[in-house]
Amino acid sequence: MLPSCDTSQAAAMAHDGATTPLLGSAAEPPRNIYPFACVTLASLTTALMGYNLAVMSGAELFIREEFGLTGEQTEVLAGSMNAFMLASILAAGRAADLLGRRGALLLANAFLVAGALAMSLGGSYAELMAARFVTGTGAGLALVVAPVYIAEISPASTRGVLSSLLDICINVGILLGYSSNYAFAGLPVHLGWRVMYAAGVLPPALIAAGVLAMPESPRWLAMRGRHADARAVLACTSDTPADADLRLEEIKQAVSASQSGNGGGGVWKEMLVRPSPAVRRVLACVAGLQFLQEASGIEAIVLYSPLVFKQAGMSSTAAVLGATVGVGAVKTISILVATSLSDRLGRRPLLLASTGGVAAAMASLAASLRLGGAATPAWCVASVLAFVVAFSVGFDPLVPAYSAEVLPLRLRAQGTSVVTAVGRMTCGLVSMTFVSLAGAITMPGCFLVYASVAAGASVFVYVRLPETRGRNLEDMEVLFAD
């Protein structure tokens with residue numbers, strides 16, 4: 001599944017300072033081939049998370065009918081996966097440090113296979129909740145470990161592009177989930193939603209086979225004292241052999257500083273008990289980003305867009321589910337735009353444009369539902385499409401990428417766990433309260449709240465976030481030391 005890379009030859013070439021390309025020809029530099037394949041396989045692990053989130057938006061209509069669920073029960077079932085992710089998210093950093101990044105991704109895929117199978121066979125509300133817990137455990141592991149692996153395997157020159165692949169895969173999963181809803185909606189009520197979930201059993205098993213072919217993170221190898229193995233991986237994934245040597249020396253220095261300054265419980269102590277000013281600023285920035293990203297309402301759109309479209313006056317279930325497919329397609333295409341721009345324009349400009357666009361689109365969506373009229377369905381769909389475009393070109397792909405790249409090596413895995421937990425708690429709060437909140441302050445009122453959060457996010461990015469484009473991971477802490 002991966003392009004071949006002779007790691008022993010690559011290590012020797014890096015040591016000798018050879019300039020011959022490691023893969024491909026001189027006209028086609030290898031750096032965009034091998035790292036791309038590794039990152040793609042790691043990113044695919046998160047695709048089923050996107051699939052499960054999106055497929056529930058349509059499946060819940062049929063599950064509610066089959067089991068006679070109340071609106072509150074449906075709301076809890078739909079949003080529970082985000083809450084169930086928390087335990088595995090908090091444990092994922094430790095798992096990634098103990099098992100390696102690759103081993104933790106294999107474990108995530110095992111949970112995702114089991115969860116999809118259990119969901120398709122569920123015979124009661126309790127069994128469905130248990131299946132969501134299993135799926136959430138795998139999704140939480142993948143959500144933390146995949147961005148850490150991607151940040152650590154990618155060269156600085158293309159890290160923005162490669163980090164965006166993670167969100168592309170999540171959104172491909174969302175699109176497939178919406179498409180599955182539409183394709184199987186015509187089946188009998190008791191069968192259609194089960195087929196939707198059964199379709200998610202095989203992919204993670206195949207992805208796990210691909211993960212076995214991936215190299216381990218060079219930074220994790222260096223943390224274990226396996227410098228020769230780390231050099232071999234870096235020689236395959238760096239822009240030049242000289243860059244591989246430079247990256248290895250920087251990693252060794254970072255590992256040495258980490259080991260000399262921390263004991264067994266030093267990571268948590270340095271993050272949460274006595275953080276340095278630089279670490280405190282890093283954590284505030286990435287935790288703030290995670291909170292603001294989810295509090296801007298993305299989960300309400302992904303999970304409840306059928307309800308939003310029905311509120312706007314679309315009465316046909318087929319039309320509603322078809323519109324969600326269009327939303328998923330536009331969202332995925334928009335991510336591709338961000339992929340091509342993140343290493344050219346930088347993180348800050350895209351985040352500023354994205355957060356401003358999200359605020360405007362949410363305000364437009366609120367106005368469409370509040371003012372009504374014959375054009376309401378078209379206005380509502382256009383506003384949702386504008387939201388997913390704005391969200392997907394910056395906010396969506398860059399928040400996990402930025403978080404993984406600015407956290408110091410010694411804190412990266414467990415720090416990513418902590419800040420991802422902040423995002424998932426916020427996400428769970430949004431997904432499990434949207435229906436109730438809409439009943440209390442109306443659906444337009446909900447979207448105005450989300451618009452206000454997005455506007456605040458734009459100010460936060462402008463004031464607090466430094467640019468990271470083109471910097472090596474080992475240099476990031478300097479940005480936050482001033």
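Thr 442 sits in the loop between helix H18 (412-441) and helix H19 (443-464); helices here are DSSP runs of H or I with at least four residues, strands are runs of E with at least two, and both are numbered from the N terminus. The model is a predicted one, so local features need pLDDT of at least 70 and side-chain atom pairs count only at pLDDT 80 or more, while totals for chains, interfaces and linings use all residues. Residues are numbered from 1 along each chain as its sequence is written, and side-chain values use heavy atoms, with hydrogens and water left out.

Most residues other than glycine have a negative phi. Thr 442 counts as partly exposed because its relative accessibility is 43% (buried is under 20% relative accessible area, exposed is over 50%, and partly exposed is in between, with a 1.4 Å probe and protein chains only).

Zooming out, the protein has 20 helices and zero strands. Of its 482 residues, 58% are buried. Taking contacts (heavy atoms within 4.5 Å) between residues at least 6 apart in sequence, 84% join residues at least 24 apart.

Helix H5 (residues 125-153) has 29 residues and should span 42 Å at 1.5 Å a residue, which agrees with its end C-alpha atoms being 42 Å apart; the expected span is 1.5 Å times one less than the number of residues. H5 is also mostly covered, with 23 of its 29 residues buried.

Next comes Ala 95, a residue of helix H4 (residues 71-121). Ala 95 is buried, as its relative accessible area is 15%. Leaving aside residues up to four places away in sequence, Ala 95 touches Gly 100 and Ala 104. Val 145 is 50 residues from Ala 95 in sequence, yet the two are 8.8 Å apart in space, C-alpha to C-alpha.

Then there is a helix pair. The axes of helix H6 (residues 159-184) and helix H7 (residues 189-198) come within 9 Å and cross at roughly 150°, the axes being lines fitted to C-alpha atoms over the stretch in contact, with angles from 0 to 180 degrees between N-to-C directions. That makes H6 roughly antiparallel to H7 (the cut-off is over 145 degrees). On the H6 side, the contact is made by Ser 180, Asn 181 and Phe 184, and on the H7 side by Gly 192, Val 195 and Met 196.

Conventions
Angles under 35 degrees count as roughly parallel, over 145 as roughly antiparallel, 65 to 115 as roughly perpendicular and the rest as oblique.
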